[in-house]
Amino acid sequence: MTKGWKLYDQRLAWILVAPVLLLLILLLLLPIAMMTVYTFFTFVTAGVESAVLTFDNWKEFLTDSYYHGFLWKTVRVGAITAVICAILGYFPAYFIWATTFRHKWLLLLLLIVPFWISFTIRTFSWIHILGEQGLINVVLIRLGVISEPLPMLYTEGAVIMGLLHFLLPYMILNVYVSLESIDRTLIAAARSMGCTSAQAFREVTLPLSMPGLGAGLLLCFVLAAGSYVTPQLLGGSRDALFGNLIYDTIMGQLNWPMGATLSIVLFVLLGAAAAAYSRYMGLSQIMKGLSA
Amino acid sequence: MRADHPDREGRWAWRLTGAITLCVYVFMFAPIIATVVLSFNASMFGGFPLTGFSLRWYEKLLTNEPVLDAFRTSMWIALVTATVTTLLGIMAALALVRFEFRGKQAINTLVILPALVPETILGVGLLVMIKAVDQPRSMALLVLGHILLTLPYVVLIVQARMVGIKRSYEEAALSLGAPRVSTFREITLPLLIPAVLASILLAFTISFDNTSASLFWRPAGVETMPTQILSMLKISISPEVNALGTVMILLTVGIPLAGGLILQSLTWFKAGK
């Protein structure tokens with residue numbers, strides 16, 4: 001079959017990569033290109049649009065504060081979630097890295113286990129903690145601390161809680177991978193030169209773990225800002241994020257041109273975040289994190 | 001700060017780190033444990049307080065036709081997705097690791113994209129495309145979509161393993177006259193097996209678990225397991241949903257754990273000889 005071909009012939013490489021490339025072009029690049037074209041189509045009525053090109057969708061998006069509200073809320077929730085993840089996630093990552101506990105693998109395994117549990121189940125489980133019949137309210141009422149259940153579910157706080165629950169393992173693993181690559185003798189050296197442990201952490205460990213922290217922040221922001229299920233299950237009607245807006249515009253109102261416009265907006269927003277990040281850090285850290 | 005001679009400050013920092021770590025782990029598992037516990041609750045309602053032990057919600061589950069249908073649908077989709085994605089992923093990883101060709105870097109980045117682009121956008125994209133060619137949503141579309149979603153992970157896993165396999169093994173076989181296909185079958189594939197198994201498992205779980213994109217892609221009237229759970233939750237948190245959740249947790253956590261343990265004991269067994 002390959003007589004007369006060089007050992008690592010380019011033709012063979014193209015044959016091997018062709019199905020994946022075809023798939024990515026047909027299911028990823030072409031759809032994004034078509035969505036971009038769709039943003040200039042005219043909405044006629046639910047489910048019907050015409051190919052008359054117009055800027056109306058973009059005008060509507062740029063002038064209507066309804067959309068700006070969603071955009072701002074999505075960015076805010078994404079950023080808050082990512083930052084809390086970074087703060088809360090750094091401690092466990094550091095602990096696992098530094099501990100002398102012999103069964104370290106168990107701690108790591110426990111971080112991977114949530115990835116196996118259905119995301120929908122993990123999310124709705126929070127209803128049992130935060131809801132009116134949830135653990136916190138039932139316990140507080142029994143103890144007589146409160147007489148009426150606290151309204152914790154269906155709030156922005158609940159959405160952020162659910163997102164944290166989903167994203168913390170990503171953050172912890174990213175930081176951990178980064179910590180693992182630090183040469184430990186550097187820290188011993190800093191200490192023997194008279195650094196306090198706090199100084200050694202601030203001057204050596206923390207800066208060297210920044211790539212993992214950065215990758216974790218980006219990943220958490222992108223995944224939080226693109227989420228759909230969490231706000232759907234844990235948020236009230238006012239806590240919907242951009243993903244929910246897109247879903248309603250397309251599946252509810254059947255306004256495809258506007259839905260495409262909103263999708264492209266979200267795509268550009270998250271793409272800009274990723275581009276800004278890769279300028280400073282490079283994408284290789286993300287790949288490490290994803291395959292960890 | 002666990003250095004050789006921790007100072008006072010360091011000891012306190014270390015204790016704080018331990019305490020926060022414990023809290024994070026509790027945070028990660030408390031809701032899941034609550035769901036499992038509540039699935040055995042006798043109460044008519046899905047929440048606390050606990051009123052007694054009962055298995056009736058599990059019995060009810062076994063006769064719930066929509067749930068069983070959704071389970072079968074998801075199983076099928078996940079099996080097909082895992083098989084096809086792993087095959088395609090191995091081919092692509094082989095090309096991306098072993099060969100040098102123009103555009104390799106671009107393809108490398110392109111392959112990762114589906115993992116970074118939000119599912120809602122991928123969801124809308126495919127729908128816009130089939131709308132443009134005037135096709136209805138079909139099972140084929142749903143499976144193709146799942147292949148797209150799982151591809152980045154499979155390629156990354158196989159690539160990582162492939163980098164660790166010395167190409168001189170393959171080159172030795174080839175230079176001794178083995179055809180390329182048998183070289184792959186006899187040399188490369190056996191060394192790749194751990195990555196192949198990991199890919200199949202991961203692709204299966206991602207597909208089985210996918211919610212947001214499936215909501216866009218599923219044909220009218222078809223429910224996958226997660227979308228079925230979502231529509232059950234729209235009505236109320238019934239104890240039945242808790243039971244369903246618990247069954248799913250046992251399946252998705254139990255199977256990989258059992259697989260891992262079997263692999264472990266096999267290697268111990270071999271080493272023991």
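Helix 1 of chain A and helix 5 of chain B are roughly perpendicular to each other, a label given to angles of 65 to 115 degrees, with those under 35 called roughly parallel, those over 145 roughly antiparallel and the rest oblique. The two helices pack at an angle of about 75 degrees, and their axes are 8 Å apart. Axes are lines fitted to C-alpha atoms, for helices over the stretch in contact, and angles run from 0 to 180 degrees between N-to-C directions. Helix 1 of chain A contributes Leu27(A), Leu30(A), Pro31(A), Ile32(A), Met34(A), Met35(A) and Tyr38(A) to the contact. Helix 5 of chain B contributes Val124(B), Gly125(B), Leu126(B), Val128(B), Met129(B) and Ala132(B). This helix contact has twelve nonpolar residues, one polar residue and no charged ones. Ala, Val, Leu, Ile, Met, Phe, Trp, Tyr, Cys and Pro count as nonpolar, Asp, Glu, Lys and Arg as charged, and the others, Gly among them, as polar.

The model is predicted; local features need pLDDT of at least 70, side-chain atom pairs count only at pLDDT 80 or more, and totals for chains, interfaces and linings use all residues. Residues are numbered from 1 along each chain as its sequence is written, while chains are lettered from A and ligands numbered from 1 in the order in which they are written.

Across the whole interface, 81 residues of chain A are in contact with 83 residues of chain B (C-beta atoms, placed from the backbone, within 7 Å). Helix 1 (residues 10–38) of chain A gives the most to its side, with 19 residues. That side of chain A has 61 nonpolar, 18 polar and two charged residues.

Chain A has 14 helices and two strands. These are DSSP runs numbered from the N terminus: helices are H or I, at least four residues, and strands E, at least two. The C-alpha trace spans about 80 × 70 × 35 Å along its principal axes. Buried residues make up 48% of the 292 in chain A; a residue is buried if 20 or more other C-beta atoms lie within 10 Å of its own, exposed if 12 or fewer, and partly exposed in between, with C-beta atoms placed from the backbone.

The mean pLDDT of chain A is 88, and 95% of the residues score at least 70; pLDDT is the predictor's confidence in each residue, from 0 to 100. Confidence is lowest in helix 14 (residues 284–291) of chain A, at a mean of 58, and highest in helix 3 (residues 65–98) of chain A, at 94.

Technical notes: Two residues are in contact if their C-beta atoms, placed from the backbone, lie within 7 Å.
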